[in-house]
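Me: I would like to go through some of the labels used for this structure and ask what each one rests on.

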Amino acid sequence: MKSLPLIDLVIVIAYLVGMVGVGVYFSRKNTNAEQFTKASGTIPGWAIGISIYATFLSSNTFLGVPGKAYGSNWNSFVFSLSMPFAAWVATRFFIPFYRNTGAVSAYTHLEERFGPWARTYAVVCFLLTQLARMGSIFFGIALSLQALTGYPMSTIMIVVGICIVLYTVMGGMEAVIWTEVVQGVIKTIGALVILYLVVTGMDGGFSRIMDIGEADNKFSLGTFAPDFTQSSFWVVLLYGFFMNLNNFGMDQNYVQRYHTTSSIKEAASSVWLCVYLYLPVSLIFFLLGSCLYAYYQSNPELLNIIRMQVATERMPNGTAESIAQLASTLTPADYGDKVMPHFMVTKVPVGLLGLIIAAIMSAAMSTISSGMNASATVFSVDIYQKYIKSNLAPKESLRLLYIATTVFGLLGMVTGIAMIGVKSVLDVWWMLSGIFAGGMLGLFLLGIISRATKNAEALTATLIGIVVIIWMTFSAQLPDEYAYLRNPLHQNMIMVVGTLSIFLSGVLLTRLKRKVQPRQEVLINEE
C-alpha cells in the first residue's frame, strides 16, 4: 500500500475541488439546452483548440503511449503524423458544412440524406465508440493510480467518475471546455516533469538512452514495405487518417465544439491549433517510453520487480516458483503499461507526485467529460426528441441533458471496470474504435461526396460494410479447418476497409442504378 505524502494529497484534493468549483461557477449560466450543449457560441477559438488537444491527449496517450513505446517502438507515432492530412479535409469541407447547417448534432444530416435508419445507425455507433473510449480511459487512470495509492481500481474509477459527473452536469459545455484548457496545461507539464526525472536519473544521460534505444530498434516507425498484415507504417498511417477524419469530421465531441465559436475561421483555427500542439507533445510521450525502456534496462533489479508484479496478477493463486517462472518469460509488451506507474511510485519526489497525479487525472477527465456531454447531446437530440417526445419545454430539455450526462458517465465507469486485466489499453481502444467508427465514417462520406446516392443504395452499402467489419473482427476465431476464411489483414485495417467498403459499394451501386434506369426507360418507350 502506497500512502501519499500530505503535500501531494493536498495538491490532488485541491485539483479535484477546483474542477468541481468550475462546474459550480458555470452552472449559473446553464438556463437552457443551447447553453449546456453549445455555450451559446461565445468561446474563443484558442480555447477550443486547447480543449480539442486536451480531448486527444487522454490517459490512453498519457499512459498507453509510453507503454506502447516501451513494449515495441514508435510505430504508433505515425497515427499523429496523419493528423494534418485529416485536419485539412475537415477544415476545408466539414467545418463549413456544419456551421452552415446549424444543427448541433453531427448526425441530423444523415436522416435528411438517407432516412431515419442512417441517423440511428450512426448514433448507435457513436455511443458505442464513446463507451469504449470512456471505459479505456477510466481503466488507464485506475491502472496508474492503483500503483500510487494501493486502492482497488474499481474504487478509483468511482471516485474520479463522481467528480467528473459533478462538474460536467453542473457546468455543461462551457465548464467542459475551460476545465480542459486547464487540464491540457497540467498534463503537458506533468509529462515534461516525468521526462526530466527519467533523463536526469539515467547514468550516462540522454546519450546513453539514445544508444540503448537504437541498439534495440526502439525508434522505428515500422516497416515501410507495403505490408498490410502487420502494423506497418502504411497500416498505421491509413488507420490514423481515417480515425482522425472521423474525429475531426463527424465525432460529436468535436463537431459540437465547432458551434461554440463565433465563426468558421475560428472553428478551423481551433483544429489547427490542436494539431500544432498534439504532434510535438505526442512525440514527447513516445520519447518518454523509450527513455523508460533504457532506464529499466539499466536497472534490472527494478525491472524484475515489475515482472514479478505482472506475473502475480496473472497467477494470483500460483506458487512462488511458478510465478517466478512466468515472470522470466514476460516480454516488454506484456508489462509496458506498468512501467511508468512504477517509476512514479518509486522515483518521483514528494510535492511533484501530487502534480503528476493531477496530470494523470487531467488526462482522463478532459476526454471523459467531453464524451459525456457529447453523448448526452446525441441521446437528447437524436434519440429522445426523435422517437419519444419531440416538443420539450426548456426545463425538460435541460433536465434530460442532466440525467443523460450522469447515466453515460456511470456507463463509462462500468465499461472501465469490465476492462480490468487487459494487456495494452492503447491496443484495446484502437481495436474497439476501429470497429464502431468504420461504418459510421463510410456512411457519412457517402452522404457528403456522392450526392446522387439515395436511400436504397446507402442502406445496401451499409449492410455490406457491416458484414465486412464483422468478418474482419471475428474471423480469427474460426477453427483451423476454415483458416482460409480468416481475415489476413492487421486489425487496424478494420477501420480502413470498413469505411471504404461502405463508401465504394454505395458509389458502385449508384452508378449501376444510373445505367439500369435509362435502359428501363427505353424499354418502356418501345412498348
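Reply: Leu 221 is a place to begin; this residue lies in the loop between H10 and H11, where helices (H or I, at least four residues) and strands (E, at least two) are DSSP runs, numbered from the N terminus. The model is predicted, so local features need pLDDT of at least 70 and side-chain atom pairs count only at pLDDT 80 or more, while totals for chains, interfaces and linings use all residues. Residues are numbered from 1 along each chain as its sequence is written, and side-chain values use heavy atoms, with hydrogens and water left out.

Me: Why is Leu 221 called partly exposed?

Reply: Buried means under 20% relative accessible area, exposed over 50%, and partly exposed in between (1.4 Å probe, protein chains only). Leu 221 has 24% relative accessibility, so it counts as partly exposed.

Me: Which residues does Leu 221 contact, leaving aside its neighbours within four places in sequence?

Reply: They are Trp 74, Asn 75, Phe 77, Val 78 and Phe 233, where contact means heavy atoms within 4.5 Å.

Me: What makes Asn 217 worth a remark?

Reply: Asn 217 is not a glycine, yet its phi is positive, at about 60°. Asn 217 is found in the loop between helix H10 (205-215) and helix H11 (233-250). Its relative accessible area is 49%, so Asn 217 is partly exposed.

Me: Why are H14 and H15 called oblique?

Reply: Their axes come within 8 Å and cross at roughly 120°; axes are lines fitted to C-alpha atoms, for helices over the stretch in contact, and angles run from 0 to 180 degrees between N-to-C directions. Angles under 35 degrees count as roughly parallel, over 145 as roughly antiparallel, 65 to 115 as roughly perpendicular and the rest as oblique. H14 and H15 are therefore oblique to each other.

Me: Is Ser 505 buried or exposed, and how do you know?

Reply: Ser 505 has 16% relative accessibility, so it counts as buried. This residue is found in helix H21 (residues 493-526). Not counting residues up to four places away in sequence, Ser 505 touches Ala 461, Ile 464 and Leu 500.

Me: How many disulfides are there, and by what rule?

Reply: The rule asks for a pair of cysteine sulfur atoms within 2.5 Å, and the count comes to zero disulfides.

Me: What makes Cys 291 buried?

Reply: Its relative accessible area is 0%, so Cys 291 is buried. Cys 125, at 8% relative accessibility, also counts as buried.
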